[in-house]
Amino acid sequence: MRPAAEMIPVLIDTAKTLKASQRRAFMARTVQALGPGGQIWAEAHLGWNRGTIRKAMHELRSGMTCVDAFHCRRRKPAEEHLPRLLDDIRAIADGHSQADPKFQTDRLFTRISAAEVRRQLIATRGYTDAELPTQQTINTKLNLLGFSLSRVARCRPQKESAHERGSVPVYA
């Protein structure tokens, strides 16, 4: 039994509104009602993934719901692979940093670039090029640690005015 053409959008929208195991249960019951060849028809006309349909059919047959491990799908931060990385970055950047001259922020201004921090991690801390994250990631970690990667403003002497030099303007 194949659904009528006006039922196809209803099935698609219903599947989209449901999440995880409820969605798979709906898909399995729909495919089961379609009979033989229902998986292929559902993939072609409803846009459902065959792998998801198979998982749904397995859950329906066994009566057990597969646990979704969404928490395992994220990319782990660099600190999880290299637990000493933040401490080593802080140790290198501290020697090249100074506080805000006007004490308006808590950020530390540093003269060292992320590329140089990466080079020093390889040279002095024993990391290899392959195991270290990219320069952009190290830049992000420096910002996370409170280091502002901007040029340090040097104290500039004030310009002398004509009055301070002792010269008097001559009017003609």
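## Basis of the description

Because the model is predicted, local features need pLDDT of at least 70 and side-chain atom pairs count only at pLDDT 80 or more, while totals for chains, interfaces and linings use all residues. Residues are numbered from 1 along each chain as its sequence is written, and side-chain values use heavy atoms, with hydrogens and water left out.

## Overall architecture

The secondary structure of the protein consists of eight helices and three strands, where helices (H or I, at least four residues) and strands (E, at least two) are DSSP runs numbered from the N terminus. Read from the N terminus, the order of the elements is α-α-α-α-α-α-β-β-α-α-β.

Of the 172 residues of the protein, 28% count as buried, a class that means under 20% relative accessible area, with exposed set at over 50% and partly exposed in between (1.4 Å probe, protein chains only). The accessible surface amounts to about 12500 Å², and 54% of that belongs to carbon and sulfur atoms; such areas come from the Shrake-Rupley method with a 1.4 Å probe, and for residues only the protein chains shown count as cover. Among contacts (heavy atoms within 4.5 Å) in the protein with a separation of 6 or more, 57% are accounted for by residues 24 or more positions apart.

## Helix α2 against helix α4

The axes of α2 and α4 come within 8 Å and cross at roughly 90°, which makes α2 roughly perpendicular to α4. Here axes are lines fitted to C-alpha atoms, for helices over the stretch in contact, and angles run from 0 to 180 degrees between N-to-C directions; angles under 35 degrees count as roughly parallel, over 145 as roughly antiparallel, 65 to 115 as roughly perpendicular and the rest as oblique.

Glu59 of helix α4 is buried, with a relative accessible area of 8%, and beyond its neighbours within four places in sequence Glu59 is in contact with Arg24, Met64, Thr65 and Cys66.

## Helix α6 against helix α7

Helix α6 (residues 85-94) and helix α7 (residues 114-124) pack at an angle of about 110°, with their axes 10 Å apart, so that α6 is roughly perpendicular to α7. Leu85, Asp88, Ile89 and Ile92 of α6 make the contact with Val117, Gln120, Leu121 and Thr124 of α7, a set with five nonpolar, two polar and one charged residues.

## The aromatic pair

A search of the whole structure finds one aromatic pair. Phe26 and Trp48 form this pair, edge-to-face, at 6.1 Å centre to centre with 70° between the planes; rings of Phe, Tyr and Trp (its six-membered ring) pair if their centres lie within 6.5 Å, and planes under 30 degrees apart count as stacked, over 60 as edge-to-face and the rest as tilted. Phe26 lies in helix α2 (residues 20-34) and Trp48 in the loop between α3 (38-46) and α4 (50-62), so the pair ties together parts that are 22 residues apart in sequence. Both Phe26 and Trp48 are buried.

Note on methods. Ala, Val, Leu, Ile, Met, Phe, Trp, Tyr, Cys and Pro count as nonpolar, Asp, Glu, Lys and Arg as charged, and the others, Gly among them, as polar.
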